[in-house]
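Hello,

Here is the structure I promised to hand over. Please have a look, then read my notes below.

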Amino acid sequence: ELRDLASWVPFDDRGNPDITLADISPALVLDYLQTVDSRLVKDFGDKPFADILNQMDLFVGPVEHRMIKNVAAMMFCKNHAKFFPVTQVDIVVFPEGCIKNPNNMIEVPKIVGTVPEMINKTLDYLRTNIIKQRIIKPKDRAESIKYFNYPYQAFEEAVVNALYHRDYREREPVEITIEP
C-alpha cells in the first residue's frame, strides 16, 4: 500500500502480476487495432500474441519478470471484473429533478464491459434516450433552428473522462445522474 501511495506511475500503466496472457482477448485486441487502423493488423496472425502486446507497450518490467499493464485488462479482458470489481456505469434519470421529486426516478440497468464497451454503451443510451432535439422554423428565414437539451459532446467528454481517468482500485461504479 505504501508503495502504491508513493508511486508516480498511473494505475493503468502499472504492471499487474495477476493478469496473464490468457486473460487478454486476442479478438478484442485485433478489433481495437482494426478500429484505429494500426499497422500491427497485418502482423497479427504471424507474430506471437505476446509480441503484439509488447509492441502496443502493454508490458512493464524486466524481461525475466514481465507483467501485463492494468490498461490491457481494462481494454481487452472479457472478465475485467476479476481484476477491477464494480467496474460499471450506473445511470439514474430524475425527470422532475432529484430535489423536486426524488421518488420519481428511472434506474437504467447497469452498464458493464471493457472500458471502450462501457463508453460506447453509455453514449448510445444517452444519445438514444436522453438527448432530445427541438426544431423551430422561423417565418422569416429558410433555415430551421435546432436546439438540443444536452450537447452530445459534453456527454462524450464527461463519460470518456469518467471511465479513463478514474481510480480503478476504488470499488465504486461510475454514477451518472440526469436532471432536467
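**Confidence first**

The protein averages a pLDDT of 90, and 96% of the residues score at least 70. (pLDDT is the predictor's confidence in each residue, from 0 to 100.) This is a predicted model: local features need pLDDT of at least 70, side-chain atom pairs count only at pLDDT 80 or more, and totals for chains, interfaces and linings use all residues. Residues are numbered from 1 along each chain as its sequence is written, and side-chain values use heavy atoms, with hydrogens and water left out.

Among the elements, strand β4 (residues 89-93) has the highest mean pLDDT, 95. Helix α1 (residues 2-6) has the lowest, 63. Where pLDDT is low, the predicted coordinates should not be read in detail. Helices (H or I, at least four residues) and strands (E, at least two) are DSSP runs, numbered from the N terminus.

**The two sheets**

Strands of a sheet pair through backbone hydrogen bonds, either parallel or antiparallel. Two strands count as paired if DSSP finds at least two bridges between them.

Two bridges link β2 to β3 (residues 67-69). Phe59 has Ile68 in β3 as its bridge partner.

Another open sheet of three strands runs β5-β4-β8, and here the pairing is mixed. β4 and β5 run antiparallel, joined by two bridges. Val92 stands opposite Glu107 in β5. Helix α5 packs on this sheet and touches β4 and β8. (Contact means heavy atoms within 4.5 Å.) The direction of α5 makes about 15° with that of β4.

**The helix pair**

How do the axes of α5 and α6 cross? Helix α5 (residues 115-130) and helix α6 (residues 152-164) have axes that come within 10 Å and cross at roughly 150°. (Axes are lines fitted to C-alpha atoms, for helices over the stretch in contact; angles run from 0 to 180 degrees between N-to-C directions.) α5 and α6 are therefore roughly antiparallel to each other; the cut-off for that term is over 145 degrees.

Residues that meet include Met118, Ile119 and Leu126 in α5, and Phe155, Val159 and Leu163 in α6. By class, the contact of α5 with α6 has 13 nonpolar, one polar and two charged residues. (Ala, Val, Leu, Ile, Met, Phe, Trp, Tyr, Cys and Pro count as nonpolar, Asp, Glu, Lys and Arg as charged, and the others, Gly among them, as polar.)

Best wishes

Note on methods
Angles under 35 degrees count as roughly parallel, over 145 as roughly antiparallel, 65 to 115 as roughly perpendicular and the rest as oblique.
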